[in-house]
Amino acid sequence: MEIDGKALRREMAGKNFTVVGLARTAGITAATLNKILNHSNKARIDTLGKLAKALGVDIYDIAREA
């Protein structure tokens, strides 16, 4: 699975999360989240799960099939 950057940004905006805020809530670094958002659509499955949980969405709401 890959992160759907547009969907992730949409969920972040809808819940008023900044990069730092979401990273902190998800238990990852802001640098990791920035890398996911800006440089790569790839993320480990556990990271994807952490982001989905922090956003209160299903993992499939922020991911797409590779």
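Helices α2 and α3 cross in a right-handed sense, where right-handed means that the near helix is turned clockwise from the far one by less than a right angle, and left-handed that it is turned anticlockwise. The two helices pack at an angle of about 115°, and their axes lie 8 Å apart. Axes here are lines fitted to C-alpha atoms, for helices over the stretch in contact, with angles running from 0 to 180 degrees between N-to-C directions. From α2, the contact takes in Val 19, Val 20, Leu 22 and Ala 23, and from α3 it takes in Ala 30, Leu 33, Asn 34 and Leu 37. Sorted by class, these residues come to seven nonpolar, one polar and no charged. For the classes, Ala, Val, Leu, Ile, Met, Phe, Trp, Tyr, Cys and Pro count as nonpolar, Asp, Glu, Lys and Arg as charged, and the others, Gly among them, as polar. Contact means heavy atoms within 4.5 Å.

A word on the ground rules before going on. This is a predicted model, in which local features need pLDDT of at least 70 and side-chain atom pairs count only at pLDDT 80 or more, while totals for chains, interfaces and linings use all residues. Residues are numbered from 1 along each chain as its sequence is written, and side-chain values use heavy atoms, with hydrogens and water left out.

Now for the chain as a whole. Its secondary structure comes to four helices and two strands, arranged along the sequence as β-α-α-α-α-β. The radius of gyration is 10 Å, close to the 11 Å that the globule rule gives for 66 residues, so the chain is as compact as a globular protein of that length. That radius is taken over C-alpha atoms, and the globule rule is 2.2 Å times the number of residues to the power 0.38. Helices (H or I, at least four residues) and strands (E, at least two) are DSSP runs, numbered from the N terminus. Along its principal axes, the C-alpha trace spans about 25 × 20 × 20 Å. Of the 66 residues, 36% count as buried; buried means under 20% relative accessible area, exposed over 50%, and partly exposed in between, with a 1.4 Å probe and protein chains only. Among contacts with a separation of 6 or more, 60% come from residues 24 or more positions apart.

Helix α1 (residues 5–14) packs against helix α3 (residues 30–38) at an angle of about 125°, with 9 Å between their axes. That angle makes α1 oblique to α3, since angles under 35 degrees count as roughly parallel, over 145 as roughly antiparallel, 65 to 115 as roughly perpendicular and the rest as oblique. The crossing of α1 and α3 is left-handed. Leu 8, Arg 9 and Met 12 of α1 meet Leu 33, Ile 36, Leu 37 and Asn 38 of α3. By class, this contact has five nonpolar, one polar and one charged residues.

Which residues of α2 are buried? They are Gly 21, Leu 22, Ala 23 and Ala 26, and their cover includes α1, α3 and α4. Just after α2 comes Gly 27, with a positive phi of about 80°.

Asn 16 also deserves a look. This residue is found in the loop between α1 and α2 (19–26), and its phi is near 55°, a positive value in a residue other than glycine. Most residues other than glycine have a negative phi. Asn 16 is exposed, with a relative accessible area of 72%.

Leaving aside residues up to four places away in sequence, Thr 47 touches Ile 28 and Ile 36.

Three further residues have C-alpha distances to partners elsewhere in the chain. Met 1 sits in the segment before β1 (2–3) and is partly exposed at a relative accessible area of 34%. Thr 32 belongs to helix α3 and is partly exposed at 33%. Lys 6, in helix α1, is exposed, with a relative accessible area of 68%.

| Pair | Separation in sequence | C-alpha to C-alpha distance |
|---|---|---|
| Met 1 and Ile 59 | 58 residues | 9.8 Å |
| Thr 32 and Ala 43 | eleven residues | 9.0 Å |
| Lys 6 and Leu 37 | 31 residues | 8.8 Å |
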